[in-house]
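Please read the points below beside the sequence and the model, which are shown here.

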Amino acid sequence: HAKCITVATNMAGRGTDIKLALGISGSGGLHVIATELHDSGRIDRQLFGRSARQGDPGSGETIVAFDDDLFVAQVPRVAGWLARRAGKGGTVSAFEIMLLRWLAQGAAERRNRDAREGTLKHDRRLAQVLAFSGRGE
């Protein structure tokens, strides 16, 4: 069975099924490795959805550090605390990692939603002001 590695940036090929070469299914199929997290968990789930399509086998895993951009931007104190604990020989449970990811992505999604809502409010105010300006544009 051929073993090969394909490196793709972000979501290359999204929306297109990846056809497995002959014999790859017997070796476990496509294995997706994410080396960073996205602001939205939905995008991460789409990335992992690249494996195990059309009945083919597949798997995925995430390998990130406590200084991942998402953690640093959204939950630096929590990430720092866990990193210090791990650095002192302590253990960090899978539940704590899942919680860190959930907190960080939730904060990013709220920030992005608030920004979109602010833009919509601004657009509505601008439309209202222009409507009363007497311009027919």
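1. Helix α4 gives the most to the nonpolar patch, with 5 residues; helices here are DSSP runs (H or I, at least four residues) numbered from the N terminus. The model is predicted, local features need pLDDT of at least 70, side-chain atom pairs count only at pLDDT 80 or more, and totals for chains, interfaces and linings use all residues. Residues are numbered from 1 along each chain as its sequence is written, and side-chain values use heavy atoms, with hydrogens and water left out.

2. The patch, about 600 Å² of nonpolar surface, is made by Val78, Phe95, Met98, Leu99, Trp102 and Leu103, of which Phe95 has its place in helix α4. Patch residues have over 30% relative accessible area (Shrake-Rupley method, 1.4 Å probe, only the protein chains shown counting as cover) and no salt bridge, with nonpolar side chains (Val, Leu, Ile, Met, Phe, Trp, Tyr) joined within 5 Å and like charges within 9 Å.

3. A search of the whole structure finds 5 salt bridges, each a side-chain nitrogen of Lys or Arg within 4 Å of a carboxyl oxygen of Asp or Glu. Arg101 forms one of them with Asp44, and their closest N and O atoms are 3.1 Å apart. This pair links distant parts of the chain, with Arg101 in helix α4 and Asp44 in helix α1, 57 residues apart.

4. Where do α1 and α4 meet? Gly41, Asp44 and Phe48 in α1 meet Arg101, Gln105 and Glu109 in α4, contact being heavy atoms within 4.5 Å.

Notes. Helices (H or I, at least four residues) and strands (E, at least two) are DSSP runs, numbered from the N terminus.
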